[in-house]
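Me: Please take me closely through one part of this chain, and then connect that part with what surrounds it. I would like the cut-offs to be stated along the way.

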Amino acid sequence: MMKCLFLLCLCLLPILVFSSTFTSQNPINLPSESPVPKPVLDTNGKELNPNSSYRIISIGRGALGGDVYLGKSPNSDAPCPDGVFRYNSDVGPSGTPVRFIPLSTNIFEDQLLNIQFNIPTVKLCVSYRNWKVGNLNAHLWTMLLETGGTIGQADSSYFKIVKSSKFGYNLLYCPITRHFLCPFCRDDNFCAKVGVDIQNGKRRLALVSENPLDVLFQEV
């Protein structure tokens, strides 16, 4: 009996050696799984809900803070408020509530969505709740965020929410097709960072090359 076991082990030894050598020199590469999308969270750690309203708040304090709000653009002939601004301080008025409208059913990081000021308004001003990016402003040499966009259309109304390298989140502008003029869209995904520029003494959301606005989302 012992002799039979000994002979069996001798027979299996070359197979084990070959198997070890083959797998070490010729590793089998299994297909990697797609990364699981990460949900965007509000200030309470809850996942953002497309049916809920949120205030976009800056992570800074004092003059570095301030909520995002809907206001009248300087020199605009639009019949409704059509500018996306940030208050000059976190001490003062609360921001205008917004709703995030994803292409899918959930709001994930680094995925396309529309942003809409979620406020009651007259019929004339319904479209002036939807965020978009305006044309290049030759005076400020930037592209300002404004309203008058659309929902679910291939135009200049698409954004993404991504993790900030510091704290909180950043907003990106990502035109869904590349025929839109966007000198600030330079990464592989053809997106641009959203930051702040000064227009007539007010802080206006605009496309920037550096120093994006770090924000959090507070449920209303």
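Reply:
**A strand pair and its surroundings**

Strands E4 and E5 (residues 113–117) run antiparallel and are joined by five bridges; two strands are taken to pair if DSSP finds at least two bridges between them. The model is a predicted one, in which local features need pLDDT of at least 70 and side-chain atom pairs count only at pLDDT 80 or more, while totals for chains, interfaces and linings use all residues. Residues are numbered from 1 along each chain as its sequence is written, and side-chain values use heavy atoms, with hydrogens and water left out. Helices (H or I, at least four residues) and strands (E, at least two) are DSSP runs numbered from the N terminus.

Within the pair, Ile101 stands opposite Asn114 of E5. E4 itself, residues 98–102, is mostly covered, since four of its five residues are buried; buried here means under 20% relative accessible area, exposed means over 50%, and partly exposed lies in between, with a 1.4 Å probe and protein chains only. In a regular strand, the side chains alternate between the two faces of the sheet.

Ser53 counts as buried because its relative accessible area is 16%. Asn51 lies in the loop between helix H1 (2–25) and strand E1 (54–58), but at a relative accessible area of 68% Asn51 is exposed. UniProt places the feature "glycosylation site" at Asn51; such positions are given in the numbering used here, feature names are shortened, and annotations may be inferred rather than shown by experiment.

Leu145 touches, among others, Val84, Trp131, Lys132, Phe159, Val194 and Leu207.

A search of the whole structure finds three disulfides, each being a pair of cysteine sulfur atoms within 2.5 Å. Cys125 forms one of them with Cys80, at 1.9 Å between the sulfur atoms. The pair links distant parts of the chain, 45 residues apart, with Cys80 in the loop between strand E2 (68–71) and strand E3 (83–86) and Cys125 in the loop between E5 and E6. Both cysteines are buried, and the link is left-handed, with -80 degrees about the S-S bond.

The link of Cys174 and Cys191 has its sulfur atoms 2.0 Å apart. Both of these cysteines lie in the loop between E9 and E10, so the pair ties together parts that are 17 residues apart in sequence. This link is right-handed, with 115 degrees about the S-S bond of Cys174 and Cys191. Cys182 is joined to Cys185, also at 2.0 Å from S to S, and this disulfide is right-handed because its torsion is about 70 degrees. When the bonded cysteines are numbered in sequence order, the pairing reads 1-2, 3-6, 4-5.

For the chain as a whole, there are one helix and 12 strands, and 42% of the 220 residues count as buried.

Technical notes:
Contact = heavy atoms within 4.5 Å. Lists of a residue's contacts leave out its neighbours within four places in sequence.
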